[in-house]
Amino acid sequence: MGKGGSLSDGVIKKILLSYTYVAIWIFLSFTVIVYNKYILDKKMYNWPFPISLTMIHMSFCASLAFLLIKVFKVVEPVSMSRDLYLSSVVPIGALYSLSLWLSNSAYIYLSVSFIQMLKALMPVAVYSIGVLFKKEGYKNDTMVNMLSISFGVAIAAYGEAKFDTWGVILQLGAVAFEATRLVMIQILLTSKGITLNPITSLYYVAPCCFVFLLVPWVFVEYPVLKETSSFHFDFVVFGTNSICAFALNLAVFLLVGKTSALTMNVAGVVKDWLLIAFSWSVIKDTVTPINLFGYGLAFLGVAYYNHSKLQALKAKEAQKKTAQADEEGGRLLEEREGEGSGKSSESQD
């Protein structure tokens with residue numbers, strides 16, 4: 001094969017790898033969502049203790065991250081001062097614990113399909129909070145797009161057969177806290193030049209989450225669990241569930257690191273449709289035509305938002321390349337001028 005053939009092989013390999021990362025992330029995300037629903041739903045495994053489940057995940061992830069960093073030394077820990085930990089990691093950990101607690105709680109009251117429809121509001125929340133904290137610039141066309149997504153989700157909610165107000169409040173709260181966490185990562189960590197891979201992230205954030213969850217757990221779930229004498233800890237169920245949660249964190253890093261955050265957003269839309277289909281066909285959740293129509297509108301809004309972000313990234317990349325080309329051109333011109341002046345001085349001698 002010639003040079004062109006080898007290049008084509010490289011491109012094909014890169015595309016196949018990207019699709020592999022996407023497939024792994026979709027599979028693990030899908031598995032964790034359905035598994036959590038199975039454990040928490042009163043009609044299935046019937047263990048409706050979302051704080052306890054989240055604490056099991058956090059303790060497992062923190063322990064495994066500690067072993068990988070301190071014992072097996074798979075990755076190097078990020079140097080972090082006490083002040084930085086308290087000012088940056090602790091607020092992010094608090095938001096993460098609230099997001100996980102509320103999102104897991106929503107599975108007790110809402111169907112998997114409806115939760116995925118409500119999650120379509122994530123771009124709206126991230127953009128709104130970004131504008132509030134001046135990390136995003138306000139644009140009328142973007143705000144119209146956000147309103148169209150919100151309108152689609154509102155129609156989907158109106159058509160929900162098993163609408164539960166408390167469940168919706170919990171899921172919207174989870175979306176708000178998760179969006180704030182994502183913006184805070186940009187403000188508190190990225191702006192200071194700190195990047196955490198999933199293992200170091202869990203090493204620092206998971207223990208913090210566990211401590212924050214411990215307070216409501218003592219008052220809300222511990223008294224009920226204490227009275228439930230029939231409960232025994234199922235190591236197979238909770239162990240495999242925790243492994244899936246840890247693997248999902250690694251998959252997120254793999255997908256974003258090897259492709260981009262935008263790819264994950266697009267893959268997330270595909271995952272949501274798969275979950276809606278699974279929820280309707282396997283779990284037998286009721287999905288109404290109004291549900292699908294509303295989510296379809298929201299989906300179009302999210303798709304347009306992702307397209308706009310992609311165009312903005314392309315424009316930024318093109319601008320960067322132009323600036324680099326101008327800089328190289330200027331350097332070459334200076335070098336030629338230097339050579340020309342050198343030659344003219346030689347001729348004068």
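The protein chain has 12 helices and zero strands, where helices (H or I, at least four residues) and strands (E, at least two) are DSSP runs numbered from the N terminus. This is a predicted model, in which local features need pLDDT of at least 70 and side-chain atom pairs count only at pLDDT 80 or more, while totals for chains, interfaces and linings use all residues. Residues are numbered from 1 along each chain as its sequence is written, and side-chain values use heavy atoms, with hydrogens and water left out.

**Overall dimensions and burial**
- Taken along the principal axes, the C-alpha atoms of the protein chain fill a box of roughly 100 × 50 × 50 Å.
- Of the 349 residues of the protein chain, 41% count as buried, a term that means under 20% relative accessible area, with exposed meaning over 50% and partly exposed in between (1.4 Å probe, protein chains only).
- The accessible surface of the protein chain comes to about 19600 Å², of which carbon and sulfur atoms hold 66%; such areas come from the Shrake-Rupley method with a 1.4 Å probe, and for residues only the protein chains shown count as cover.
- Among contacts (heavy atoms within 4.5 Å) in the protein chain between residues at least 6 apart in sequence, 84% join residues at least 24 apart.

**The crossing of α2 and α10**
- The axes of α2 and helix α10 (residues 235–258) come within 9 Å and cross at roughly 65°, the axes being lines fitted to C-alpha atoms, for helices over the stretch in contact, with angles running from 0 to 180 degrees between N-to-C directions.
- On the α2 side, L53, I56, H57, F60, C61, L64, A65 and L68 meet F238, N241, S242, I243, A245 and F246 in α10.

**Helix α5 and two loop lysines**
- In helix α5 (residues 122–132), the buried residues include P123, V124, A125, V126, Y127, I129 and G130.
- Just after α5, K134 takes a positive phi of about 60°; K134 lies in the loop between α5 and α6 (140–158), and K134 counts as exposed because its relative accessibility is 77%.
- K284 also has a positive phi, of about 70°, although it is not a glycine; K284 lies in the loop between α11 (261–281) and α12 (289–348) and is exposed, with a relative accessible area of 61%.
- Most residues other than glycine have a negative phi.

**Exposed valine**
- V74 is placed in the loop between α2 (50–71) and α3 (82–109), and V74 counts as exposed because its relative accessibility is 53%.
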